[in-house]
Amino acid sequence: MADHRHSETSEKALERYLVDRAHEYGARALKYFNANNSGYPDRLLVFKGGYVCWCELKSLGDRPRPLQSYRISVLREMGHHVYVVDSKEKIDRMLAKEDREAQSRWKALKALKREES
């Protein structure tokens with residue numbers, strides 16, 4: 001008998017869920033891969049208005065490897081929002097929070113453009 005709990009919380013299943021849910025928010029969850037610099041988060045989420053954040057996906061209970069933790073800390077020190085998520089609930093909370101931030105920034109950008117014209 002298949003373990004359906006594991007299939008719903010595997011990294012691959014969470015990645016598919018993230019891509020689909022991001023799309024529902026009007027965002028894109030772009031796969032990030034850099035052959036010369038490993039350890040970066042799996043996905044770069046791009047929201048309306050140029051707002052971005054990073055997402056590292058893990059199977060339920062897994063933690064980032066040491067190099068991943070280092071890359072995440074460097075990105076955070078640079079002011080990036082970086083999430084490590086291992087469940088659909090965490091993906092939903094992350095997307096809701098970042099979408100609110102993106103919408104706020106989008107409104108501010110539109111207001112600024114109106115003032116400039």
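**View 1. A right-handed β-α-β unit is formed by strand 3, helix 3 and strand 4.** In this predicted model, helix 3 covers residues 66-77 and belongs to a right-handed unit together with strand 3 and strand 4. The two strands run parallel, and four bridges join strand 3 to strand 4. Within this part of the structure, Cys-55 stands opposite Tyr-83, a residue of strand 4.

**View 2. Helix 4 has buried residues that are covered by other elements of the protein.** The residues of helix 4 that count as buried are Ile-91, Met-94, Leu-95, Glu-98, Asp-99 and Ala-102.

**View 3. Helix 4 runs over residues 88-116 and includes Arg-114.** The end C-alpha atoms of helix 4 lie 41 Å apart, which agrees with the 42 Å that its 29 residues should span at 1.5 Å a residue. Arg-114, which is found in this helix, counts as exposed because its relative accessibility is 56%, and the cut-off for exposed is over 50%. The C-alpha atom of Arg-114 is separated by 46 Å from that of Arg-65, although the two residues are 49 residues apart along the chain.

**View 4. Residues 1-6 have pLDDT under 50.** For these residues the model has zero contacts beyond four places in sequence. For the protein as a whole, the mean pLDDT is 91, and 94% of the residues reach 70 or more.

View 5. Of the 117 residues in the protein, 34% are buried. Among contacts with a separation of 6 or more, 56% are accounted for by residues 24 or more positions apart. The accessible surface comes to about 7700 Å², and carbon and sulfur atoms hold 51% of that surface.

How values were computed:
Residues numbered from 1 in each chain as written. Predicted model: local features only at pLDDT ≥ 70, side-chain atom pairs only at ≥ 80, totals over all residues. Heavy atoms only, no water. Buried < 20%, exposed > 50% of the residue type's maximum accessible area, 1.4 Å probe, protein only. Expected span 1.5 Å × (residues − 1). Contact = heavy atoms within 4.5 Å. Pairing = 2+ DSSP bridges. Right-handed = clockwise from strand over helix to strand, strands pointing away. pLDDT = per-residue confidence, 0-100. Areas by Shrake-Rupley, 256 points an atom, 1.4 Å probe, with all protein chains shown as cover.
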